[in-house]
Amino acid sequence: MDAMEEILALPGGPTMVRWRRHAQARRVSLRIDPRGGGVVVTLPARAGRRAGMALLMTHADWVAERIAALPRAVAFADGAEIPIDGVAHRIRHLPKGDPNGDNPSGARGSAWVAAGTLYVTGGTEFLTRRVGDFLRAEAGRRLTALAVAKAAMIERRPARIAVKDTRTRWGSCARDGVLSFSWRLVMAPPFVQDYVAAHEVAHLRHMDHGPRFWALVETLTPWRAEGMRWLTGEGARLLRIG
């Protein structure tokens with residue numbers, strides 16, 4: 001499987017197109033990439049670029065409409081507002097460190113949350129990375145605690161828990177028991193984090209999505225319906241942040 005990105009002049013305007021070849025794909029397909037704000041064209045092993053372009057041009061209006069409907073992109077920058085646990089927080093850059101002694105770590109070049117603000121110290125060139133590092137660390141801490149506690153409820157233990165920046169999944173469970181979660185879940189409300197953790201832990205017992213799986217999910221969280229509904233309606237917004 002390989003991938004290539006380019007900007008093409010489609011009828012709706014210049015569009016980022018990501019070409020993706022997948023040996024297991026049975027047909028040429030399109031999907032919108034909410035994170036990058038473009039379109040992904042997936043090609044089977046024997047399909048060429050011409051087939052992908054034909055499908056892309058046939059659905060050019062659909063592509064343009066879907067991209068235009070994406071939530072506004074939000075960069076990690078001084079003054080930007082991002083959610084943490086579903087609550088809006090303003091990023092405030094403190095290039096000379098913490099003048100008020102509010103930093104719980106007391107370290108230079110760190111980030112912390114206080115009173116609805118995400119404070120970040122250090123040079124401007126490190127701001128984006130430090131915000132991302134802080135959110136990834138928070139996601140790892142919270143989702144690991146949730147997953148371990150829920151796994152104990154069914155007498156299972158994850159082989160490992162990883163936090164990644166995935167494009168299409170909020171979480172996954174490998175057959176060897178490794179659980180993976182999107183770090184972006186730390187920006188979602190706690191009940192959404194609880195649902196996703198329960199969903200992946202339930203796969204430690206059932207690797208399908210049959211009735212027994214969903215019954216187990218509902219014993220592990222009271223937020224199945226609410227969590228699924230929130231991710232369907234708001235999940236794309238999280239992919240546009242950072």
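**Close-up 1. Helices α4 and α5 meet.** The axes of helix α4 (residues 190-202) and helix α5 (residues 211-220) come within 9 Å of each other and cross at roughly 135°. Because of that angle, α4 counts as oblique to α5 (angles under 35 degrees are roughly parallel, over 145 roughly antiparallel, 65 to 115 roughly perpendicular, and the rest oblique). Axes here are lines fitted to C-alpha atoms, for helices over the stretch in contact, and angles run from 0 to 180 degrees between N-to-C directions. Helices (H or I, at least four residues) and strands (E, at least two) are DSSP runs, numbered from the N terminus. You are looking at a predicted model, in which local features need pLDDT of at least 70 and side-chain atom pairs count only at pLDDT 80 or more, while totals for chains, interfaces and linings use all residues. Residues are numbered from 1 along each chain as its sequence is written, and side-chain values use heavy atoms, with hydrogens and water left out.

**Close-up 2. Who touches whom between α4 and α5?** On the α4 side, the contact is made by D194, Y195, A198, H199, V201 and A202, and on the α5 side by F213, W214, L216, V217 and L220. Contact means heavy atoms within 4.5 Å. Sorted by class, this contact has nine nonpolar, one polar and one charged residues (Ala, Val, Leu, Ile, Met, Phe, Trp, Tyr, Cys and Pro count as nonpolar, Asp, Glu, Lys and Arg as charged, and the others, Gly among them, as polar).

**Close-up 3. An open sheet of four strands.** The strand order is β5-β6-β8-β7, with mixed pairing; two strands pair if DSSP finds at least two bridges between them. At the edges sit β5 (81-84) and β7 (111-114), each pairing on one side only. From one strand to the next, the twist averages 35°. Take a look at β7 and strand β8 (residues 117-121): they pair in the antiparallel sense over four bridges. A111 has V120 in β8 as its bridge partner.

**Close-up 4. Helix α3 and two of its arginines.** Helix α3 lies across β5, β6 (87-94), β7 and β8, running at about 125° to β8. R142 has its place in α3 (residues 127-153). Leaving aside residues up to four places away in sequence, R142 touches I84, D85, V186 and Q193. R142 and L185 are 43 residues apart in sequence, yet 9.7 Å apart in space, C-alpha to C-alpha. R129 is in helix α3 too. R129 is partly exposed, with a relative accessible area of 44% (buried means under 20%, exposed over 50%, partly exposed in between, using a 1.4 Å probe and protein chains only).
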